[in-house]
Amino acid sequence: MTRYAKDQRVPVTLAVNGHEYRRWIEPRLLLSDFLRDELGLTGTHVGCEHGVCGACTILFNGAPVRSCLKLAIDVGDGQITTIEGLVKDDEFDAFRQAFSQNHALQCGFCTPGVVVSVWEALKRASDSESVDWNDVLSGHLCRCTGYVGIRRAIMALQAKGGGKTEA
Amino acid sequence: MSLLGQSIPRFEDGRLINGQGQFIADLMPVPGIKHVAILRSPHAHARIRRIDTSRLGTVPGVTGVITGRDLLAVLAPFPVGVPQPVTYYPMAIDRVRYVGEPVVVVAADSRYAAEDALDVVEVDYDPLPVVSDIETACQMPPVALHENAPDNVANHREFTYGDPKTALNHADVLIQERFVYPRNTAVPIETYGVVAYYERSSGDYTVWANFHGPFTLHSVMAHALKVSTQKLRIKTPQDIGGSYGVKSAVYPYMVLLAATSRLLGCPVKWIEDRLEHMKASSSASARISYVTAGFSRDGRFQALHIKQYDDVGAYIRAPEPATLYRVHGNLTGAYDVRHVHLENYAVMTNRVPTGLVRGYGGPQLYFPLERIMDIAARRLKMDPAALRRANVIQPDQFPYRTASGGIYDSGDYPSVLNTALQASGYEAFREKARNLQDSGPVRLGIGIAVVVEPSGSNMGYVTIAYTPEERARQLPKSGAVSAATVAIDALGGITVQIDSAPEGQGHETVVRQIVADVLTVPMASIRVIAEMDTAITPWTISSGSYSSRFAAAGANAVFSAAQKVKTKLLALAAQQLGVDCKTLRFEEGRVWGAQGATDLTVKRLAGLTHWNPSDLPAGISPGVYETSYFSLPNVDPPTTEDLINSSATYGFLVDVAKVAVNTETGKITVLDYVTVHDAGRLLNPLLADGQIHGGVAFGLGSALYEELRYDEEGQLLTGSLMDYLVPTASEMPESLTVLHHHTTAPGTPLGAKGLGEGNVMSAGAAIANAVSDALGVEICSLPLSPRTVTESVMKKEGRG
C-alpha cells in the first residue's frame, strides 16, 4: 500500500473525455472535486457526497460510478467520461431531444448524472442485454419530476433505438 | 395560433442536459475568494463556556476565523413579524439552541483546508435542558429558550368567525381528533450556496446565492447588516438546483457570509454539504392540531374548531409564523362552513428554525381537514365521496367569500370531484376492496382528498399574526405584485427580464410564449434573463418564486410589459403611416393595416426609436424598454375583523389514491393515483403536468417516508439520504393519471392559477384516507412508516 504524508502533493495523469490531464494533487482529493475544481468540468454535480443522490455519476471505463466516492489518485489509467464528453457524441442530439420533449428535467441539477446512467444502460439495452430500469433509475434522486418524464424519455429512446426492455 | 397553452419543450433544457448550467457552486464571480467551513453545535441546547481558536495558526492556508461575538460589531438581530421577537443572529452568541447551529466560521484557501482548521478549534459547552415536545414546550416548559418568551410561545392568536360555539352545541355529530404532521423537508439535490463580497471603500455588500425570494427578505437582510437597502446587492445564479421553498431560508447564511467577508477583508464562498443541509438549513413546521367538527345528521358540515401548535424551531425566523397563516383564507377548504374558531400557537423548540417547504401551511391544514371528512363519513355511515359532494361550494356561489375572509375567485368543485371519481373507478374499486377483506394479509383501500389550492400570496397575510389593535399601530401591508421588463435593442433583439428567480419551473420558456404571442415574433428572437440582480432587475418585495405565484402574477407582469411595448410600437407605426392606431395590428412580426401588410416590422419600429429619435413624434420616447409592475386584484390588508384574502387566486384539485397494505409487514403500495386539477388556463400543459408529477412524488414522500427524526437529546437521527428517505423511481405509484379542468382565473389577463403545490397538500391526506379505509383504523399522524401501520393493526386487534 502506498503511504502519503499529510500535505504531500502527488502527480497524477487522468484520461478524461479522451484528453490526458497532468496535475499535482492532494491524495485526499475526491474525483468529483478534481473534475470540477481542477479541470473546470462543472457538469458533474455534487449533491450529497455520500454516494446516494447520483448527481456526480460519471463513466469509469464505460461503467457508471459515483465520482464523490472515488479519490482522484485512485483512477489509475482508467478512462473517465463526464457529461461534457457524452455531449460530443453524434448520437447525443437525439438523446437530448428525447429528454427535452418528454420534460425529463426541471431544475437540471440531477440531470447530468441521470443522463450518464441512462446513456450507459441504453447502450446495454441496444446490445440485447436485459436492463432493469427501476434499478438504473433508483440510483438517482430527482425531486422535481417524479421520474415520470425520465421514464417517458427512456421509452421514446427505446422506441427509436429498438431496445429490449420497457421503462 | 397562440403559443400560450401549447406543450412547448423548454429552452432551458439544452444547457442543463449538456451539463452547462451555471449553478452557485460553479461560480467564482470575483477574484481572491476564500472558502468557508462552519463549526456547528453538537448540542441541542447549551451555554458556550469557551471557544479556543488559538491553534488555528498551525494550520496551513487559514485566512481567518469568526465567532458569534465577532458578529456583534457588524450585525443587528434579524427582524421578524411577531409582536415580541426573539434575538436571532445567523451564528450562536454565548448559547446554542439547536444541533447544527453555527458556532465558528473559518475561511481558508480551500474547503479542504477550512475543514482541517475546524478540527483544531475547541469549544466547551455546558448542556442545558432540551425542549423537544411541542405541547410540553409551551404548557410545562422545562426551560425557556429565550428570556422574553417564558412559555416558548412566539406567537399566539385566536380567531372567531360566525358563531362556532352555538353551531357546535347544536351539531348532531361531533368529530374530535388530534393530528400530528411531522417535520419534513424539501431536499433539493443542490444544497445552499453563497458567495459574499464586502467592498471596504464603499461599504457595499454584494451577495450571490441560490436564493429565490420572497424579496421581502432583502430588507430583513439589509436590516441585519445595518445598511440601507441599496448597499446590499443580491444576485442569483442563472440556474438554481431545486428549492421547493427551502432555499428561501439560505438568507441567514447570506448575512453570515457577508459579515465574514467584511470582518476578514476578503470575498468568501460557502457551499453547504448534505449533513449541514439536513441538520441546519430549514424545515417544514411540525404541527399538532386538535380539530372538532360539527355535522348535522344528514351530513352537513356546520362548524369547525381548530387549535394548532406549530413547532417553529429554536428561533422564530421570518417569514414565520407564516406557516400558520398562509392558508388562513382557505381554512375551511372546499367546504361551505360559516362558523369557525381557530387558535394558533407558534412554539419554539430546540430544533432548526422552520420556513418554506412546498405546500407551506397546506399539508399541515389539509391532512387534518381531509381526514376529518373521512372520519365523519364513517361515523355518519356515508360514503366519503358523497359527504364531500354534499358540502363542497357550488359553482353558483363564486366568487365565494370564506368565513375567514378568503375570496375563492372561480371553480367548479363538483365537476372536478366527479371527474376524479370516474377516472379512478371509485365505486368498482370499493366493491373489489370489500370482497378482498379477510382473505390474506393484504388489504385494499381507496382515499380521496379535496384541496383548494391557494396561489399568489397576499403580502399582507403575515400581519394577521398581530392583533387588529397592534396592526392599527403599523402601516398596512397588502398586494401580490410582480415585475417584468421587455426591451428591444437597435437591431430588433428582444430581451425580457423577469423577477421570479426560478429553480426549474420553466419560466424562461413560458415568458417566450407570452412575448412571442403579443409581438407575433418567433420565440427564438427572444432571450429571457431569469437571474436576479437587485441592483438592476425591476423587482419588489413580493418578487421571487414561492406561493406558486408565477402563473398568476409573474406571467401577467410579462404580458403587461409586452403589451406596453406593443402599444408603443403601434402608436409609432400609426404616426409613420398617418392612420389611426386602432386600425393597426401585429401579425408575423409586422404591422398590418386595413389594406394588409405594411413594411413596418417590430425590428424597424424599435430601430427607429434607437437610430433616429429626432423623428419620433411627441409622446413617444427613445428606446424600447418597458417595465410593468402587475398587481393581482383582491389582495387587501386584513380587516379589523381579521378577515384576510390570503391569496390572490385559488385553484382546486381532487386526488384519489388506491393502496394495498400488507397488515403483516406494514408495507404500503400505491397502486393507482388519480389527480384532477383546475388551475384555470394552462400556460404550457407539458410543464404543468411536470409540476404535478413532481408534486405527487413530493406528497407521496411526505405521506410514506419523510421525517426529520430527533432523539430526546435533540440529535437528528436522519442526517443522511440513507436515513431520510425520499422517493426513488421505484416508489412512484404503479399508475398515475393527471387530468385538468379549466375554470379561468377571472381577475387576471391570462386566466392562469398556480398548481405546483396542491399535491403536496393533498397526497398525505389521500394516502392516509386510503390506508385508514384499507385497515378500518383512523390514521392521525404521518409519515405512514411500516411500523405505524403494524401498530395500528395490532391496536385495532387489541394486541397493541
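Me: How many helices and strands does chain B have?
Reply: This is a predicted model, in which local features need pLDDT of at least 70, side-chain atom pairs count only at pLDDT 80 or more, and totals for chains, interfaces and linings use all residues. Residues are numbered from 1 along each chain as its sequence is written, with chains lettered from A and ligands numbered from 1 in the order in which they are written. Helices (H or I, at least four residues) and strands (E, at least two) are DSSP runs, numbered from the N terminus. For chain B the count is 19 helices and 28 strands.

Me: What percentage of the residues in chain B is buried?
Reply: A residue is buried if 20 or more other C-beta atoms, placed from the backbone, lie within 10 Å of its own. Of the 800 residues in chain B, the buried share is 60%.

Me: Which element gives the largest share of the side of chain B that touches chain A?
Reply: Two residues are in contact if their C-beta atoms, placed from the backbone, lie within 7 Å. The contact takes 46 residues from chain B and 41 residues from chain A. On the side of chain B, two or more residues come from each of α1 (13-17) and α17 (685-704). The largest share, 8 residues, comes from α17(B).

Me: How many residues on the side of chain B that touches chain A are nonpolar?
Reply: Ala, Val, Leu, Ile, Met, Phe, Trp, Tyr, Cys and Pro count as nonpolar, Asp, Glu, Lys and Arg as charged, and the others, Gly among them, as polar. On this side of chain B, 15 residues are polar and 8 are charged, while the nonpolar residues number 23.

Me: How far apart do the C-alpha centres of domain 1 of chain B and domain 2 of chain B lie?
Reply: Domain bounds come from an automatic or database domain assignment. Chain B is divided into domain 1 (13-128 + 186-280), domain 2 (286-461 + 636-796) and domain 3 (481-631). The C-alpha centres of domain 1 and domain 2 of chain B are separated by 35 Å.

Technical notes. A residue is buried if 20 or more other C-beta atoms lie within 10 Å of its own, exposed if 12 or fewer, and partly exposed in between; C-beta atoms are placed from the backbone.
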